[in-house]
Amino acid sequence: MGLLDFLSDKGEQKPVEPAAKTGTGATDFFGNAANPAATGETYTVVSGDSLSKIAKNHYGDAAKWPQIYEANKAIIGNNPDLIEVGQVLTLPSL
């Protein structure tokens, strides 16, 4: 430490604190929800799976399969019965 280290026009400064988190989940650069459906978990489809089986195992209710389908429509396509082994699906938070 030198003599000039004591001479500063900045005075006593506190370190900058990070901004407080306003929510959870993935956000873009500006803190907006990047993809609201992506805030849930992911699941990789295995042989013998169906959306209703996945809903039953994850949510405890097979009737919640439409929520999984809506969150993954871009991946699955127009027919919710045609999911393929290896597809990575987002399981939305309900």
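Tutor: Before we start, a helix here is a DSSP run of H or I at least four residues long, and helices are numbered from the N terminus. Please also keep in mind that this is a predicted model.

Student: Which residues of α1 are buried, and how wide is the arc within which they fall?

Tutor: A residue counts as buried when its relative accessible area is under 20%, and in α1 that applies to Leu51, Ile54 and Ala55. In general, an α-helix has 3.6 residues a turn, so residues three or four places apart point the same way. Seen down the axis of α1, the buried residues line one face of the helix, because they fall within an arc of 100°.

Student: Which element gives the largest share of the largest nonpolar core?

Tutor: The largest nonpolar core is made up of 10 residues in all, among them Val45, Ile68, Tyr69, Ile76 and Ile83. The elements that give two or more residues to this core are α1, α2 and β2. The largest share, three residues, comes from α1.

Student: How far apart in space are Leu91 and Ile54, C-alpha to C-alpha?

Tutor: Leu91 lies in strand β2 and, at 3% relative accessibility, counts as buried, while Ile54 is one of the buried residues of α1. Both Leu91 and Ile54 belong to the largest nonpolar core. They are 37 residues apart in sequence, and their C-alpha to C-alpha distance in space is 9.0 Å.

Student: Is Asn72 buried or exposed?

Tutor: Asn72 lies in the loop between α2 and α3, and, leaving out residues up to four places away in sequence, Asn72 touches Val88, Leu89 and Thr90. With a relative accessibility of 1%, Asn72 counts as buried.

Student: Which side chains meet in a salt bridge, and what is the N to O distance?

Tutor: The structure holds one salt bridge, and its side chains are those of Lys73 and Glu70. Lys73 is partly exposed, at 38% relative accessible area, whereas Glu70 is exposed, at 52%. The N to O distance between Lys73 and Glu70 is 3.7 Å.

Definitions and conventions
Residues numbered from 1 in each chain as written. Predicted model: local features only at pLDDT ≥ 70, side-chain atom pairs only at ≥ 80, totals over all residues. Heavy atoms only, no water. Buried < 20%, exposed > 50% of the residue type's maximum accessible area, 1.4 Å probe, protein only. Arc of directions from axis to C-beta. Salt bridge = Lys/Arg side-chain N within 4 Å of Asp/Glu carboxyl O. Contact = heavy atoms within 4.5 Å. Core = buried A, V, L, I, M, F, W, Y, C linked by side-chain atoms within 4.5 Å.
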